[in-house]
Amino acid sequence: MGSPTKTLLRVLAGEALATPPVWLMRQAGRYLPEYRATRAEAGSFLDLCYTPHLAEEVTLQPIRRYGFDASILFADILLLPQALGMELRFVEGEGPRMDWPAGHERDLAVLKTVAEIDATLNPVYETVRRLAASLPAETTLIGFAGAPWTVATYMAAGRGTPDQAPARHWAHSAPESFDRLIGLLTEATIHYLSKQIEAGAEVVMLFDSWAGSLIPPLFHRHAIAPAARIAEALAAKHPGIPMIGFPKGAGAMYEPYALEVPCAGMALDQHMPIPFARRVANGKALMGNLDPMMMVLGGDTLRAEAHRILEEMDGHPHIFNLGHGITPDADPDHVHQLLKAIRG
């Protein structure tokens with residue numbers, strides 16, 4: 001395999017570029033009028049995720065509008081537990097609701113095996129195949145999954161919670177059962193991401209959105225160990241395909257994550273000081289970490305923050321991104337302002 005030519009792949013291979021590649025988490029989403037139109041055509045959020053030509057379309061929309069250096073598959077982290085047998089629905093204005101099969105609360109025996117999940121997830125792989133053919137040649141295609149801990153928090157609570165208390169209670173009170181759940185999710189995630197790579201993903205990203213709720217011993221057990229297992233398994237099966245880890249809210253625990261998870265890059269939330277992240281990165285590329293609020297504010301505030309991040313990242317392999325997803329109230333014109341600030 002020769003040296004990569006796409007800018008995002010060059011950065012993940014360890015190159016610090018004068019102008020970093022840029023994409024935004026949730027760059028396909030409700031802040032774009034064209035997304036809202038396609039979402040209405042689909043009928044429901046899950047129908048949008050599972051209809052390949054529509055999922056392809058919303059993935060391509062921000063690439064057409066802005067020319068980002070990377071495109072991330074349009075899907076949802078909860079499609080995987082749904083494929084394992086959980087019942088999933090999205091309540092308008094409130095978010096996801098997830099239930100165990102009736103009468104089998106937290107009964108792992110009723111969940112499907114890893115070998116059975118493709119029956120549900122095949123449309124996602126088809127979306128990846130379509131994107132691999134339709135994206136511009138210079139645009140990197142990113143596949144993704146939720147990290148086992150974060151997915152488990154929704155399975156434990158049936159919804160998003162402010163402090164992930166149901167999952168933390170389960171992890172402390174019934175550690176053997178919870179370990180089995182994390183183990184199943186880890187192996188399912190390896191399979192899911194491997195299938196995305198086989199379909200054409202050039203990078204994969206592991207979103208541990210609720211990693212910050214874990215105390216250090218459980219962080220090692222339920223965030224670091226599964227991520228390391230996933231990264232090692234994918235590297236063995238797909239040499240040369242980089243992984244980006246995102247233990248959001250991990251704070252000082254970014255350091256052991258960087259040391260123990262053999263991923264090529266780490267995404268930083270907006271609260272992570274860049275000098276600290278550079279010190280503990282263990283040679284990894286860094287991605288981030290503009291506050292999503294800047295995309296609402298725009299103007300001089302946005303430009304100043306973008307320039308600060310560029311200065312603090314200077315000389316380090318860096319992918320410019322937000323510290324979390326772009327919000328529905330962001331102004332699409334502010335994305336153009338951001339790109340001008342970065343690219344000149």
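Trainee: What makes β2 and β3 count as paired strands?
Mentor: Five bridges join β2 to strand β3 (residues 95–99). Two strands pair if DSSP finds at least two bridges between them, so five bridges pass the cut-off. The two strands run antiparallel. Strands (E, at least two residues) and helices (H or I, at least four) are DSSP runs, numbered from the N terminus.

Trainee: What should I know about the model itself?
Mentor: This is a predicted model: local features need pLDDT of at least 70, side-chain atom pairs count only at pLDDT 80 or more, and totals for chains, interfaces and linings use all residues. Residues are numbered from 1 along each chain as its sequence is written, and side-chain values use heavy atoms, with hydrogens and water left out.

Trainee: How confident is the predictor in the chain, and which element has the lowest mean pLDDT?
Mentor: pLDDT is the predictor's confidence in each residue, from 0 to 100. The chain averages 97, and 99% of the residues score at least 70. Strand β2 (residues 87–91) has the lowest mean of the elements, 95. Strand β9 (residues 318–322) has the highest, 99.

Trainee: What is the order of the strands in the open sheet, and which are the edge strands?
Mentor: Seven strands run in the order β1-β4-β5-β6-β7-β8-β9, with parallel pairing. β1 (70–72) and β9 are the edges, since each pairs on one side only. The twist averages 25 degrees from one strand to the next.

Trainee: What makes β4 and β5 a pair in that sheet?
Mentor: Five bridges join β4 (residues 140–146) to β5 (residues 203–208). That meets the bridge count given above, so they pair. Phe144 has Met205 in β5 as its bridge partner. Helix α10 (residues 216–237) lies across β5 and β6 (243–247), at about 170 degrees to β6.

Trainee: Why is α8 called oblique to α9?
Mentor: Helix α8 (residues 165–173) and helix α9 (residues 175–199) pack at about 120 degrees, with axes 5 Å apart. That makes α8 oblique to α9: under 35 degrees is roughly parallel, over 145 roughly antiparallel, 65 to 115 roughly perpendicular, and the rest oblique. Axes are lines fitted to C-alpha atoms, for helices over the stretch in contact, and angles run from 0 to 180 degrees between N-to-C directions.

Trainee: Which residues of α8 and α9 meet?
Mentor: Ala167, Trp170, Ala171, His172 and Ser173 in α8 meet Pro175, Ser177, Phe178 and Leu181 in α9. Contact means heavy atoms within 4.5 Å.

Trainee: How do you know that Glu56 and Arg130 form a salt bridge?
Mentor: Their N to O distance is 2.9 Å. The definition asks for a side-chain nitrogen of Lys or Arg within 4 Å of a carboxyl oxygen of Asp or Glu, so this pair qualifies. Glu56 lies in helix α4 (residues 52–66) and Arg130 in helix α6 (residues 118–134), so the pair ties together parts 74 residues apart in sequence. The whole structure has 17 salt bridges.

Trainee: What joins Gly288 and Asn289?
Mentor: A cis peptide bond, with omega about -15 degrees. Asn289 is in strand β8 (residues 285–290).
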